[in-house]
Amino acid sequence: VEKYKMSDEEYDKRKGTLRDWGRQKKEENPDFSLMKHAKEHAQLVEARRFYKESGSVKEGFELDESSGLIIRVENESFNDTQTVKSKSGAEIEYGPESTQHLTLHDRCQVQPGSRRGEIAYIGTIDELGGGGHWVGVILDEPLGRTDGCVDSVRYFEAPGPNRGGFFRGKNVEGGDFPEIDIFASDSEDEL
């Protein structure tokens with residue numbers, strides 16, 4: 001059975017699609033972009049998750065007393081002629097401080113999946129979306145998605161395909177994580 005594929009022109013004609021919604025929003029506000037909307041929505045979801053887990057409200061958000069929801073605070077102290085230069089959510093969450101707890105060449109464990117390995121790179125990677133700082137890890141098992149390259153730019157040398165990965169600092173825990181011997185037995189009864 002051949003997979004159905006719709007042309008861009010045909011998709012553009014349809015009503016009720018994401019593209020149609022984006023066009024409507026662009027007509028209402030010429031500065032609207034789907035990318036900006038997606039980033040702002042992700043920040044709002046993260047702020048709500050953070051509030052639910054910690055009871056604290058992230059900077060730039062507040063608790064709406066009437067609905068009980070976390071909402072974005074619009075900065076009313078500046079008028080349209082002034083420009084505000086501030087860090088984006090990605091720069092705050094994924095800045096250099098997000099990897100401060102890690103040291104190059106240390107053993108680590110990566111979540112999700114409790115994958116173990118060695119830290120081989122810490123820094124920015126322009127080729128990966130989202131900006132900020134990343135942690136390159138040489139994994140003990142082939143459970144990664146790279147060999148240390150991103151778009152043909154090498155950040156570290158992994159011993160084979162799928163033996164490396166790039167992760168956010170919040171997902172990497174450095175420490176005493178020896179390589180797991182998959183042939184070791186948990187039971188002393190087996191000889």
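The backbone oxygen of Gly-95 lies 2.6 Å from a polar atom of the Ser-98 side chain. That is a polar contact by definition: a pair of N or O atoms within 3.5 Å, where, within protein, one must be able to donate a hydrogen and the other to accept it, and residues adjacent in sequence count only if both atoms are side-chain atoms. The model is predicted: local features need pLDDT of at least 70, side-chain atom pairs count only at pLDDT 80 or more, and totals for chains, interfaces and linings use all residues. Residues are numbered from 1 along each chain as its sequence is written, and side-chain values use heavy atoms, with hydrogens and water left out.

Ser-98 sits in the loop between α4 (89-93) and β3 (107-110). Helices (H or I, at least four residues) and strands (E, at least two) are DSSP runs, numbered from the N terminus. Ser-98 counts as buried because its relative accessibility is 14%. The classes are buried under 20% relative accessible area, exposed over 50%, and partly exposed in between (1.4 Å probe, protein chains only). What does Ser-98 touch, leaving aside neighbours within four places in sequence? Its contacts are Glu-93, His-133, Gly-169 and Lys-170. Contact here means heavy atoms within 4.5 Å.

Stay in the loop between α4 and β3, where Leu-104 also lies. Leu-104 is partly exposed, at 40% relative accessibility. Not counting residues up to four places away in sequence, Leu-104 touches Ile-119, Ala-120, Tyr-121 and Ile-122. Its C-alpha atom is separated by 8.1 Å from that of Glu-118, 14 residues apart along the chain.

His-105 is found in this loop too. Its phi is positive, near 75°, in a residue other than glycine. His-105 is exposed, with a relative accessible area of 55%. Asp-151 also has a positive phi, about 50°, and is not a glycine. Its place is the loop between β6 and β7 (153-154). At 59% relative accessible area, Asp-151 is exposed. Most residues other than glycine have a negative phi, and most peptide bonds are trans.

Which peptide bond is cis, with omega near 0°? The bond from Gln-111 to Pro-112. Pro-112 is in the loop between β3 and β4 (115-124).

Now the cysteines. Cys-108 is buried, at 0% relative accessibility. Cys-149 is partly exposed, with a relative accessible area of 23%. The disulfide count is 0, where a disulfide is a pair of cysteine sulfur atoms within 2.5 Å.

Of its 14 lining residues, the closest to the centre are Arg-115, Arg-145, Gly-165, Phe-166 and Phe-167. The elements that give two or more residues to the lining are β6 (149-150) and β8 (164-167). β8 gives the most, with 4 residues. By class, the lining has 5 nonpolar, 6 polar and 3 charged residues. Ala, Val, Leu, Ile, Met, Phe, Trp, Tyr, Cys and Pro count as nonpolar, Asp, Glu, Lys and Arg as charged, and the others, Gly among them, as polar. A pocket is an open set of points on a 1 Å grid over the protein atoms alone, where a 1.4 Å probe fits, with protein on both sides within 12 Å along at least five of seven lines; lining residues have an atom within 4 Å of a point.
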